[in-house]
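The stops below each begin with something to select.

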Amino acid sequence: MPATIVLGAQWGDEGKGRVTDFFAEDSDFVVRYQGGNNAGHTIIVGDQRIALSLIPSGVLYPDCTPVIGSGCVIDPKVLLEEMDMLAGRGIDPSRLRISANAHLIMPYHRKLDLMLERHLGSNRIGTTKRGIGPAYTDKFARTGIRVQDLFDPDIFRAKVEVALDEKNRVLTRIYNQIGLKAAEIADEYLAYAERLLPYVADTALLLWEGLEEGKKVLLEGAQGTLLDVDHGTYPFVTSSNPTAGGALIGAGIGPGAIEEVVGVTKAYISRVGTGPFPTELDDETGDRLIELGGEYGTVTGRRRRCGWLDLVALRYAVRVNGLTKLFITKLDILSNFQTIKVAVSYESDDGAHVEFPRQHRVLYNCRPVYATFEGWGADISAARSYDDLPASVQNYLGFIADEAKTPIGWVSVGPERSQLVTV
Ligand code: GDP
Ligand code: IMO
Ligand code: MG
């Protein structure tokens, strides 16, 4: 039963969109299994740039069914805008299937996200302000509103009223905000419902039937391992499970279906938002990585923090996801550097750390221990086979694979769809 998981091995923005697009060509289904429109996945085909936040990256292939699984949180307005954007560009989004069990991001979730961040002040997470955390909070508090609730307008209105009764108390009494109106929210969402309902399905059943028939399923993670609410750098994380376990839950399939777990990692590392970041380069080299790598958020436009590749974190991603292969992106960006570093361990007052430290105190205070490589000083963006890559690049890749104890399956050398090498 051939299912593959593609997930981020870092703090997000590893290039999962382009990697998913690459695998999607041979897939029958591409499933987003968690997160919402906090994600921004970029695909570049020729001179066309397509940025997706919620719709799976398989949508570009007419034979592929894109699925939004139950583990996702959906802002219906954003989803409809994304469908319209695709249609406007000649890409047919009508094959999309949306889980009836996925939760809805409501206007009060967006408002609460803003208020919570403001309340946290200097301890803020630096969220995307899309209402993700509050929507997942309601899911686990069992007060969330799901896509299937849109089927019955009376029930939907009643659920919004009950939810808003409590949210308005918080908004008005704790945060001094003007309360929201249940009828207005219900009217707005029920109008979206008319457009969305044709796409709503029992997506777990759809995938089960597909797998039984030998169809190929690709599971597309959003965010990354270090943003996972269980395994990431909590509390500076998102509110879902981007790790491999989350793929099974969020899509509704069992572990036996999984053949391959591909971890996507840049040849360096970035993070957007706050939180510890051992290899962060707060200097000219970091600025060059940001500028040359175009490290500005797809969703929020925020400048990403950048640093050298962190093998301690990568080994951790291999372990918690059971990665079977690595896909290394943005290798071309390193062509601009005379010296390239890779963190192999950390040093702290407690000693050496080869494993990702459990305690945040250590993550904040450790010093990376680097292996240093001489740059290859050559443009590799036209490489299309492993043999096209200079020996020094092959040496660099070999080192990463050895240290991560995981084979590198693919390397990308530019953002365009064709700019990649199968190792
Ligand atoms: P995602 O969230 O993991 O899908 O990644 P994003 O799309 O947010 O960010 C990755 C960025 O890097 C996008 O702008 C991609 O077009 C770009 N990109 C992906 N692979 C490569 C590559 O190999 N080289 C270069 N130069 N850019 C890349
Ligand atoms: P993709 O899928 C990078 C970060 C936010 C913040 C934290 C919590 O494009 O890789 P949230 O809005 O989820 O509550 O924010 O997570 N974050 C991302 N960082 N890439 C993403 O998605 C992200 N989605 C959320 O910056 O630090
Ligand atoms: Mg992104």
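Two strands count as paired if DSSP finds at least two bridges between them, and the elements named here are DSSP runs numbered from the N terminus, with helices being H or I of at least four residues and strands being E of at least two. This is a predicted model, in which local features need pLDDT of at least 70 and side-chain atom pairs count only at pLDDT 80 or more, while totals for chains, interfaces and linings use all residues. Residues are numbered from 1 along each chain as its sequence is written, chains are lettered from A and ligands numbered from 1 in the order in which they are written, and side-chain values use heavy atoms, with hydrogens and water left out.

**Strands**

Select β1 (residues 3-8) together with β11 (residues 258-266), which pair in the parallel sense over 6 bridges; within this pairing, T4 stands opposite E260 in β11.

**Helix α3**

Select residues 107-120 next. The expected span of a helix is 1.5 Å times one less than its number of residues, so the 14 residues of α3 should span 20 Å, in agreement with the 20 Å between its end C-alpha atoms. Its buried residues (buried means under 20% relative accessible area, exposed over 50%, partly exposed in between, with a 1.4 Å probe and protein chains only) are P107, Y108, H109, L112, D113, M115 and E117. Those residues pack, with contact meaning heavy atoms within 4.5 Å, against β8 (103-104), α4 (132-141), α5 (153-174) and α6 (182-196).

**Aromatic rings**

Rings of Phe, Tyr and Trp (its six-membered ring) pair if their centres lie within 6.5 Å, and planes under 30 degrees apart count as stacked, over 60 as edge-to-face and the rest as tilted. The structure holds 13 aromatic pairs. Select F22 and F23, a tilted pair at 5.2 Å centre to centre with 55° between the planes; F22 is partly exposed at 25% relative accessible area, whereas F23 counts as buried at 16%.

Go on to W308 and F337, an edge-to-face pair at 5.8 Å centre to centre with 75° between the planes. W308 lies in β13 (residues 305-310) and F337 in the loop between β14 and β15 (339-348), so the pair ties together parts that are 29 residues apart in sequence. Finally, show F22, F23, F327 and W410, which ring pairs link into a cluster.
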